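Subject: Structure handover, salt bridges

Hello,

Here is the structure for your files. My notes on its salt bridges follow below.

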Amino acid sequence: MKTFLDEQFSDLEQELKMTDKSKRLLRNKILQNTHISKKQNLKMYTLVATTVCFLILIMSPFYSTTMASLVSKIIPISITPSFSSNQENSNLTSQLVKLVEGEGYAVSSVGITPSPYTIEISLILKGSILKQATDDLEPKINNYLYENGYDEYELKFLGVTEASTNDQADDTSSIYDKVREIVKEVFSSYGYAKEADYELAGLKETWFSNIVLIDMPDHIQQSKQIIADIEKEIESQDLDIKDIEVNTFNFEHRQQDNRWAYIASDIYDAMAGKSTYQLTGVSYKVKAGHSYVYIKTDLAKSPSEESIQQIELAIQEYLALPDTKEQIHSDKYTIQLLLKNEKSFVKITN
């Protein structure tokens with residue numbers, strides 16, 4: 001029996017003509033597998049306290065997960081555009097990286113996955129053992145999460161060595177980086193610099209060699225010449241490539257799909273990990289130029305009218321932001337929050 005997400009991917013596959021690589025990338029994006037490398041530059045962000053009552057709850061000696069549930073109900077929903085160039089890096093993963101590094105630990109990555117909402121922190125251990133680091137960091141991270149309304153999550157710590165992180169920069173990734181650069185340069189030389197900014201190249205490993213996967217926008221007339229030039233450049237650099245496989249797609253559709261990946265993620269992230277909303281996942285699709293976002297919950301019945309109004313207001317305010325308007329372009333859209341039985345209790349459309 002097909003699941004809700006399976007149906008969404010079936011529609012996407014028909015419209016996008018997606019390769020297995022593209023579907024894996026899109027599924028990861030939808031399921032919110034967000035990882036931040038320790039090499040990324042993290043901007044400073046100052047957290048502003050919301051209310052006096054909120055501060056009293058935090059300082060109370062009786063503070064508990066029950067109190068955290070109350071906090072999640074009184075903190076307003078704040079949806080921030082992750083794609084804004086002016087936006088401080090204030091998403092949860094960035095803040096957790098900053099918190100952990102502030103305690104003197106090196107971070108390899110922070111990952112968040114839904115259903116159950118799980119935060120996984122990978123530490124580069126230098127002279128300390130994982131249990132020691134966990135005992136030190138766990139209460140601090142729990143306090144931070146409670147203070148910000150997170151009361152329904154799992155927290156996991158992993159330990160990696162410096163050597164294991166360096167192992168990722170192997171020969172395959174080196175070949176892939178070179179292929180990506182070749183593809184970008186060739187597409188740009190034909191006047192398709194805008195298309196070249198998208199991820200058009202992939203690499204599939206085989207037992208004896210590697211296969212390059214090219215996503216070719218279907219409006220490009222010189223596709224054969226472009227592929228021939230890519231092949232010549234690969235040969236000239238003597239890269240270990242056996243073949244090139246080409247998959248065509250609708251570029252405008254892919255652009256719209258990419259835009260709404262961020263929007264769906266922003267809305268989901270603002271309410272995930274908080275028992276008030278009981279989110280279990282997010283999916284989206286673009287069909288006939290119309291964007292559809294589905295935020296799934298585990299709620300058996302509609303929440304209070306006050307909660308519904310708060311959700312609707314937060315989404316409308318987010319959609320009205322200049323950066324969000326620029327991201328949306330002139331797209332038609334429908335955003336829905338769904339009960340456990342997939343019945344809609346919030347629907348926003350233009």
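With which residue does Glu342 form a salt bridge? The partner is Lys296, and the closest N and O atoms of the two are 3.3 Å apart. This pair links distant parts of the chain, 46 residues apart: Lys296 is in strand 9 (residues 290–297), and Glu342 is in the loop between strand 10 (332–338) and strand 11 (344–349). Glu342 counts as partly exposed, because its relative accessibility is 37%.

Please note that this is a predicted model, in which local features need pLDDT of at least 70 and side-chain atom pairs count only at pLDDT 80 or more, while totals for chains, interfaces and linings use all residues. Residues are numbered from 1 along each chain as its sequence is written, and side-chain values use heavy atoms, with hydrogens and water left out.

The terms are as follows.
- Salt bridge: a side-chain nitrogen of Lys or Arg within 4 Å of a carboxyl oxygen of Asp or Glu.
- Helices (H or I, at least four residues) and strands (E, at least two): DSSP runs, numbered from the N terminus.
- Buried: under 20% relative accessible area; exposed: over 50%; partly exposed: in between (1.4 Å probe, protein chains only).

The structure holds nine salt bridges. Another of them joins Arg254 and Asp215, at 3.6 Å from N to O. Here too the pair links distant parts of the chain, with Arg254 in helix 11 (residues 251–271) and Asp215 in strand 6 (residues 210–217), 39 residues apart. Arg254 counts as buried at 11% relative accessibility, and Asp215 is buried with a relative accessible area of 2%.

Regards
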